[in-house]
Amino acid sequence: MDKILHNKPPFYNIHTLLPTPESRTYLSIFTGIPITKINNWLDPDSRAVPKADELVLMAKYFDCTMDYLLDLSFKK
């Protein structure tokens, strides 16, 4: 069984999928999600969270589940 990370920051998996400004730009271009929203999700001082439709777009873009994006499961 995978080891559970108890002290992960919110949206840890999204952080790992978007490690660079370029990766955030590509996500914005291909999904239509404004880069400002993406940056707000990744800002530790922000309370912004992705909406359901944005999670669907990201799950399709990254070929993963919405559960993975919400840190509820591990990507295989």
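**Entry 1: salt bridge**

I started with charged side chains in this predicted model. How many salt bridges does the structure hold? I found one. Lys37 and Glu54 are the partners, and their side chains meet at 2.6 Å, N to O. I then checked where the two sit: Lys37 belongs to helix H3 and Glu54 to helix H4. They are 17 residues apart, so I noted the pair as a link between distant parts of the chain.

Lys37 is partly exposed, with a relative accessible area of 29%. Glu54 comes out at 6%, which counts as buried. The cut-off I needed here is that buried means under 20% relative accessible area.

**Entry 2: the overall layout**

I stepped back to the whole chain. I counted five helices and zero strands in the protein chain. From the N terminus on, the elements read α-α-α-α-α. There are 76 residues, and buried ones make up 32% of them. The protein chain exposes about 5500 Å², with carbon and sulfur atoms supplying 57% of that area.

**Entry 3: helix H3, one face inward**

Back to H3, which covers residues 35-42. Which residues of H3 are buried? My list reads Ile38, Trp41 and Leu42. Looking down the axis of H3, I see these buried residues fall within an arc of 95°, so they line one face of the helix.

What do the buried residues of H3 pack against? I wrote down three partners: helix H1 (12-17), helix H2 (21-31) and helix H4 (52-62).

**Entry 4: the nonpolar core**

I went looking for the largest nonpolar core and got a set of 16 residues. The ones with the most contacts inside it are Ile14, Leu18, Leu27, Ile38, Met58, Phe62 and Leu69. Ile38 was already on my list of buried residues in H3. Which elements give two or more residues to this core? They are H1, H3, H4 and helix H5 (66-69). H4 gives the most, with four residues.

I picked Leu27 to follow up. Leaving aside neighbours within four places in sequence, Leu27 is in contact with Leu18, Gly32, Ile38, Met58, Tyr61 and Phe62.

**Entry 5: aromatic rings**

The structure holds two aromatic pairs. One of them is Tyr61 with Phe62, an edge-to-face pair at 4.9 Å centre to centre and 80° between the planes. Is Tyr61 buried or partly exposed? Tyr61 has 33% relative accessibility and counts as partly exposed. Phe62 has 13% and counts as buried. Ring pairs join Phe30, Tyr61 and Phe62 into a cluster.

I looked up Ser23, found in helix H2. Its relative accessible area is 15%, so Ser23 is buried. Not counting residues up to four places away in sequence, Ser23 touches Leu17 and Leu18.

Thr25 also has its place in helix H2. Thr25 has 37% relative accessibility and counts as partly exposed.

**Entry 6: Pro10**

Last stop: Pro10, in the segment before H1. Is Pro10 buried or exposed? At 62% relative accessibility, I put Pro10 down as exposed. Pro10 touches His15 and Asp71, again not counting residues up to four places away in sequence. I also took the C-alpha distance from Pro10 to Trp41: 9.0 Å, for two residues 31 apart along the chain. Trp41 is one of the buried residues of H3.

Notes. Residues are numbered from 1 along each chain as its sequence is written. This is a predicted model: local features need pLDDT of at least 70, side-chain atom pairs count only at pLDDT 80 or more; totals for chains, interfaces and linings use all residues. Side-chain values use heavy atoms; hydrogens and water are left out. Buried means under 20% relative accessible area, exposed over 50%, partly exposed in between (1.4 Å probe, protein chains only). The arc is that of the directions from the helix axis to the C-beta atoms. Contact means heavy atoms within 4.5 Å. Rings of Phe, Tyr and Trp (its six-membered ring) pair if their centres lie within 6.5 Å; planes under 30 degrees apart count as stacked, over 60 as edge-to-face and the rest as tilted. A nonpolar core is a set of buried Ala, Val, Leu, Ile, Met, Phe, Trp, Tyr and Cys residues joined through side-chain atoms within 4.5 Å. A salt bridge is a side-chain nitrogen of Lys or Arg within 4 Å of a carboxyl oxygen of Asp or Glu. Accessible areas come from the Shrake-Rupley method with a 1.4 Å probe; for residues, only the protein chains shown count as cover.
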